[in-house]
Amino acid sequence: MKIEFEHRQAAHCESGVTSNLLRISSQGKITEPLAFGIGAGLFFAYIPFMKINNGPAIAFRTLPGHIFNRTCKSLGIPVTRKKFRSTEKAEAFLRASLDNGHPVGCQVGVYYLPYFPKEYRFHFNAHNLIVYGREQENYLVSDPIMEGTNILDRYQLERVRFAKGALAPNGHIYYPEKGADITDEQIKKAIKSGIKKNVRNMLGIPFGFAGVKGIKNTGHKIKKWRDKLGLQKAGSYLAQMVRMQEEIGTGGGGFRYIYAAFLQEADAWLPGNGLAEVSAMFTQAGDLWRTAAVQAAGIYKGRISSQRDFDLMGDYLIGIAELEKEAFLILKKIKWN
Amino acid sequence: MKKDEVPQDLSSLGKITKEVCYATDSTGKYVTELSSGWDVKIKALDVAWNDIEKRIESARAQVLNNQASPLLFFMEYRLMDISILADYTGFWKWQIKKHLKPTAFNHLPDKKLQKYAAAFNIRVEDLKNMTVHED
């Protein structure tokens, strides 16, 4: 059976998967930035006591699965999602879903993802792709960060769906149920609820490791890295932060540009709430993240190395925290009309 | 970021696919633009791989000096820590810690070695001899 599906490249895997899976039922209205914003995808967390690849664990977006889930929930679309212990059952379910005409989202690990270049293959298990068909023993794969589609054989797909380690996907598969078309009213409501949720995530989490407080505290931490870790390790830590900020396709802004694009689109849906102005603030925040990354690169390339350079690096983050706090406070206080 | 500021430094990913970025056009409207990579990010990735290479070489030296078993080498080679290896093999972490010692490793039965070899995607002989076949 041929499944109606169109591959579209996106900046970020999960918002791309979500938007592509919802294309038909939303008549293309749920763009990637809308999915990212409705799914409240923007985040920051410096997770204490945890190391990834021997460096700090810093996240610039929410946990895998949240964007898809929240977006569908806010739009009132029922979702099917499953995880498995048995690889056989996972494949049987995948085949049955495809046979019923559903393209499906899959969470995968990238370490054994064959079409990724070797340099990008870490034990990172929060990648998402769409399987949209099967040809004999091969699966047709639409990975939103790739320009074109790919093919994985049964074994290759099984291996990435059952990658192990932190956030192991366990065959996690998900798709929106087909149903009534998404109305414009639903989209407007979902945008508001997505913004509210993102305000809570960035302003409302206590203990200072997440949200704008997390950014500020990380800025203070960075200033101490040079003395505490030594130049080389401090450089590696900064490189790791930049890699997390960047992931793939965020253009250096740590997802801030996608969020700015979301607010700009949201302004067209809900005019008169000042969202375009806040969008411009997130563009500025994205630019600042980019500048900070350039500063970090100066350090890990060994071009600059003084304590003043680390202080400036930390101050960039503290400045970003101020700006994002201000922006989210404006969003928090909106009286929706 | 403005559309014409989207970086175009060729990365290893850029050879395979360009990346979509959101950037503003001359009127301030957000549009998508393709990027072939960004030097800042390429260097960050280089730093990560340099660190990994060093860890692999240090592990190799420890194995040759009989201070660690070949498990250590392959863990570094496959970018795994003990908990990832535990998840792949089904061994407990304390068991792996024990097997990281050469004496304990040398007494492992083939069945257990096979589990490690499968996790590293190599053959048992290669595990024992610390041989790497590029894949």
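Strands, before we zoom in, are DSSP runs (E, at least two residues), helices are DSSP runs too (H or I, at least four residues), and both are numbered from the N terminus. Everything below comes from a predicted model, where local features need pLDDT of at least 70, side-chain atom pairs count only at pLDDT 80 or more, and totals for chains, interfaces and linings use all residues. Residues are numbered from 1 along each chain as its sequence is written, while chains are lettered from A and ligands numbered from 1 in the order in which they are written.

**View 1. The open sheet of chain A.** Follow the order β3-β8-β4-β5-β6-β7 and you have walked across six antiparallel strands; two strands pair if DSSP finds at least two bridges between them. At the edges, β3 (79-82) and β7 (150-153) of chain A each have a single partner strand, so one side of each has no neighbour in the sheet. From one strand to the next, the twist averages 35 degrees (axes are lines fitted to C-alpha atoms, for helices over the stretch in contact, and angles run from 0 to 180 degrees between N-to-C directions).

**View 2. Where β6 meets β7 in chain A.** Strand β6 (residues 138-142) is joined to β7(A) by four bridges, and the two run antiparallel. Look for A:Tyr139, which sits opposite A:Leu152 of β7(A).

**View 3. Chain B against chain A.** Contact here puts 30 residues of chain B against 42 residues of chain A, counting two residues if their C-beta atoms, placed from the backbone, lie within 7 Å. On the chain B side, α1(B) gives the most, with nine residues.
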